[in-house]
Amino acid sequence: MEYTLLDFNVLDSRQGNAVNIESENSVPFDIKRIYYIFNTERYAVRGRHAHHNLEQAIICVSGACDFILDDGKERETIHLDDPSRALYIKNNIWREFTNFTEDCVVMVLASEHYNEDDYIRDYNKFIDTVNFEKNK
Ligand code: T46
């Protein structure tokens, strides 16, 4: 499974902690969009899609949740609960996320502006896309 966990430097002081994220330095892409997800029901399942091109760094800045990644061959669950750690994923990875704590806030840094055409929302189409890329 192709993904990376990025550990950011924590700037700690007696007044509390901070993390500084810089485009291209802290994450391996130019950040074009930021969005965040909150107030999610515990067993809601979000995601259920892959992307043709998008790169993203996903940070659980509060609380915890589980990301299930699928590359068409295997599935792996990554538990996110650390605001100084990002899950970095590139294209052609099917993702679902669930098991949200009440205080969960998921912040996502994305390499592109929102574009519905970049989504693969059908799992069978995702498998076809992965197999096509593999046999190119
Ligand atoms: C991923 C996880 C972590 C927009 O209009 N603009 C946006 O920037 C986004 C992200 C979404 N939307 C609309 C599109 C849909 O009608 O909001 C609705 C729900 O978004 P989406 O289907 O993208 O579902 P999420 O929030 O479950 O998934 C998102 C990312 O798409 C996904 O790549 O990794 O967050």
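Modeller: Before we begin, two strands pair if DSSP finds at least two bridges between them, where a strand is a DSSP run of E with at least two residues, numbered from the N terminus. The model is predicted, so that local features need pLDDT of at least 70 and side-chain atom pairs count only at pLDDT 80 or more, while totals for chains, interfaces and linings use all residues. Residues are numbered from 1 along each chain as its sequence is written, and side-chain values use heavy atoms, with hydrogens and water left out.

Colleague: Why are β5 and β10 said to pair?

Modeller: β5 and β10 are joined by three bridges in the antiparallel sense, and because at least two are required, they count as paired. At one of these positions, the bridge partner of Gly47 is Glu96 in β10.

Colleague: What makes β8 and β12 edge strands?

Modeller: The open sheet has five strands in the order β8-β7-β10-β5-β12, with antiparallel pairing, and β8 (75–80) and β12 (119–120) each pair on one side only.

Colleague: How do you know that β2 and β3 pair?

Modeller: Four bridges join β2 (residues 10–13) to β3 (residues 16–19), and the requirement is at least two, so these antiparallel strands qualify. Val10 stands opposite Val19 in β3, Leu11 stands opposite Ala18 in β3, and a hairpin of two residues joins β2 to β3.

Colleague: Which residues are closest to the ligand?

Modeller: Arg33, Gly47, His51, Arg95 and Tyr119 are the closest of the 15 residues that surround the ligand, a residue being counted if one of its heavy atoms lies within 4 Å. β4 (33–38), β5 (46–51) and β10 (94–98) each supply at least two residues of this shell, and the largest share, four residues, comes from β5.
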